[in-house]
Amino acid sequence: VIERSLDPFDETREQLSSATAFVRRAMRSWRTAVGVLVFGGAVCAAFLVMRRPTFRSETVILYSAGVRSDDDIGRPDMARSAMFRLKEILMSRASLDAVTKQFDLYREVRRTRGPVDAVEELKKNIEFRAPGGDTFSLAFTGSSPQEARAVTARLAEVVIGQDSDLRRKQAIMVSDFLETEKRATEDTLREAETALASFMAAHPRFALDATPLATGAAIRASVDESPLRLASPLAAAQPRSFVAPRRVTAADAERVSNTTSVDARDATLEEARAKAALAAARANLVDLAARFTVAHPDVRAAQAEVERATARLASVTVAATSVERSSWNAGGNLPPAPLATARGLSGVVTRSPQHAAAAATGTADVSTHLAGESRTPNNDVVALETEWVKLTRETTEARQHQDQVEAALFKAKGAADSEKGDGVEVTMIDPAFLPQTAVPPGRAMVVALFAAGSLLVAVLAAALRGLLNDRVYAERDVGSFAPVLVLVPRRTHGARY
Amino acid sequence: MMGTWFDEEPPLTTAARQVGQLILAGFERKRVLLLVATLYAVAIACGLLRIKYSYAPEYVLRVVEADRDPTGVPRPRPQMADYVRQAVFTSEPLLDVIGRHGLYPSLARSNPRAALESFREDIDIEVRQNYFLEERPIGAAPRSALLFVSYHNTDSDVAVSVTRELGGLVVKHELSTRQKEATRAADLAKSRTDEARQALTLRRSAVASMQADLDRGNAAGPDRRMAFIGLLGSVPALELEQDQRERREASLALGAALERRGVGTVFEVVSDAVLPADEGAKSARSLAAGMAFVCGLPLLFVAVGAFAPKKAPT
């Protein structure tokens, strides 16, 4: 036996010849391959007969948050929370059970295993996705196109309807709670106002503190300045704005002060209060105007407040004038004295005739009567101020609380009415469609898959048989275990020897 | 000393020599080589003719929100691409486009749903420089984003016209939707303002009525006076609420007017789906085909040489 070493070129040829020989040997097992193919075809046919096609329908839901309000700034992603909420609603057992009954789905499962398993089966065939852009897709895979479309549409209706109901119920609950809270805050506010009113009735000077824009003590001090100055001899000696063409006697002053002191006091206090409010409103307006433009809402509100205060002062001035005239009329033969100083917006507190009369006589401290308070040692000023601050703070707090409750109630009512409002809106933008083909793979794809698989198995089976076959068919089959001495060529058809 | 199997492997020079021998063997079979090379050239030419170039013109929109208080206008969608794909390109308008342009004719006849899916697969939507992902603080500059819409088609004219129509569809849909949202919000704000006005009017009339009663009767009870104080105290709250609602109504009405006029959120067309000239693409394809032929020819020589019959030893 002579062993020859092959050069690389011959080695390549040898490998090709070996592969070709193996293919030939494997092809001798063609019957096995055909058998496998036939078996695969039979399995494919059985699968196609037994397989029931399924159809899938889909709908798209859009979640719209509407126009943004001031409160929405910084709020977390609402669409994400909506996705979880809608999914929970969709997968709730109660709603799915109603759907299975309505469309008689999974009848066999419901009959044999109960409605719970039918619902579970329905869940397996529902697909809920949130592809983004505030949209949600809802799909159902059913046994017929009509069923798929109808169930998908129904599921979408259920989700949208229940979500709307849920939000409305929540808003109504909040609204009801806020209504109750509002009543409670109203009671609290009424109690606080009652206490405050009682205090003001007992101490009318504190009524000057009605405006929230200035310090009450300062206003009282400014208002008290007038009657106190009236009481002083110096003030009496230098009347500023009062023209009295005739002499006023002490008797006249006493008569006037007895009959009209109460009305005059009220008018003076009211006028002083209006002026203080106007001054405070103006100060507020100046402050805001320095910081904002004229179009700013706060500036506009401050301007409105100034106008209101101006109108109030004008009406109070007119009323005070009429009181003074009536007091003169009630005083007897004294002619109505003209007021030298107009009760304009910038004037100081104008003294009434009775003040002047009292000052002229120099005998009566009118301010004590005007104030309507007896300055006894028991009436401690500090205690009164403390009580006043406490009452006003309670009233302010109660009012702020009520304002907050009312604002929240306003929003809750808007949310409860969200279907026509700028609140959240969930709509079906792409309705469920009627599927025209079954869910892939279709029949052609199934046949192709089975054909490919069968062919592969057939080739493998033939190759395996060729590998295991130890029969001698060619020279190389012998050469692997014994040397070849003589090679007799195969006789071909038509060859003659 | 025993070497590893790696040492027993033939070197690269052997492989190169073997390839050279195969090529030489292939040259010896000139007829077969000519036949195979011709078939290869024909296959490349067929592929070149059969594989059509896909055109994808881009319709670019710049979306800029209104330069005003963001609380008075509808919210923009941060995830704009997904929104356009899902909420704008819905079944109805896309089927309409398919029908008007005669897209996917055989598929549209047999299965319109499949044609719709194919159409969606051929549409590309992309958003760049999307500042809508960030919340806009009050007083900040308006946000903007670039929206790219493109449609792939082998016919350049069809690709351009369909892309333009899709871009126009986005603008039309968004303007319509935002206008509806703004109008709805303004209408609701108006009704709420009317409610507040009515409540304030009723309260003021109640105050006036009670004041008249108190003025007429000198000896009104303290309860009645307290009720009057309560009524008076409730008026400012109602005024404040009415004022807030009026402001909100004014803001929303202005936003709705802007949206109606189309000057709220602006959709500027940056690029109107323009396609470059096709000359360069054609020459590039010809060059690629030539390169494929030149690179594939040595492999053909090797294949022909490998299957050459064995020569008898000399």
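In what order do the 4 strands of the open sheet in chain A stand? The legends below begin with that sheet.

**Figure 1. The open sheet of chain A in the predicted model.** The 4 strands run in the order β2-β3-β1-β4 (chain A), and their pairing is antiparallel. Strands are DSSP runs of E with at least two residues, helices are runs of H or I with at least four residues, and both are numbered from the N terminus. Two strands pair if DSSP finds at least two bridges between them. At the edges are β2 (126-132) and β4 (425-430) of chain A, each of which pairs on one side only. From one strand to the next the twist averages 25°; axes are lines fitted to C-alpha atoms (for helices over the stretch in contact), with angles from 0 to 180 degrees between N-to-C directions. Residues are numbered from 1 along each chain as its sequence is written, and chains are lettered from A and ligands numbered from 1 in the order in which they are written. As this is a predicted model, local features need pLDDT of at least 70, side-chain atom pairs count only at pLDDT 80 or more, and totals for chains, interfaces and linings use all residues, while side-chain values use heavy atoms, with hydrogens and water left out.

**Figure 2. Strand β3 of chain A and its two pairings.** β3(A) (residues 135-142) pairs with β2(A) in the antiparallel sense over 5 bridges. Here E127(A) stands opposite A139(A), and F128(A) stands opposite L138(A). The two strands form a hairpin with 2 residues between them, and G133(A) in the turn has a positive phi of about 70°. Strand β1 (residues 55-64) of chain A also pairs with β3(A) in the antiparallel sense, over 8 bridges, with F55(A) opposite G142(A). Because 7 of its 8 residues are buried, β3(A) is largely enclosed by the rest of the structure. Buried means under 20% relative accessible area, exposed means over 50%, and partly exposed lies in between (1.4 Å probe, protein chains only).

**Figure 3. Confidence and contacts in chain A.** Chain A has 16 helices and 4 strands, and 35% of its 497 residues count as buried. The average pLDDT (the predictor's confidence in each residue, from 0 to 100) is 74 for chain A, with 68% of the residues at 70 or above. Residues 210-215 of chain A have pLDDT below 50, and beyond near neighbours in sequence this stretch has 11 contacts in the model. A contact means heavy atoms within 4.5 Å. Residues 224-257 of chain A also stay under 50 in pLDDT, with 45 contacts beyond four places in sequence. Among contacts in chain A between residues at least 6 apart in sequence, 78% join residues at least 24 apart.

Figure 4. β2(B) and β3(B) pair over 6 bridges in the antiparallel sense; E126(B) has F148(B) in β3(B) as its bridge partner.

**Figure 5. S144(B) in strand β3 of chain B.** S144(B) counts as buried because its relative accessibility is 19%. Leaving aside residues up to four places away in sequence, S144(B) touches V63(B), V64(B), Q129(B), N130(B), Y131(B) and F132(B).

**Figure 6. The buried side of helix α7 of chain B.** In α7(B) (residues 112-121), the buried residues are R113(B), A115(B), L116(B) and F119(B). They cover an arc of only 160° around the axis, which puts them on the same side of α7(B); the arc is that of the directions from the helix axis to the C-beta atoms. These residues pack against α5 (91-101), α6 (105-110), β2 (123-128), β3 (144-151) and α8 (156-216) of chain B.

**Figure 7. The contact between chain B and chain A.** Chain B contributes 48 residues and chain A 45 residues. The area buried between them is about 4,200 Å², of which carbon and sulfur atoms give 53%. Buried area is the accessible area (1.4 Å probe) that two parts lose on being put together, summed over both. R75(B), Q86(B) and R184(B) supply 16% of the area that chain B buries against chain A, more than any other three residues.
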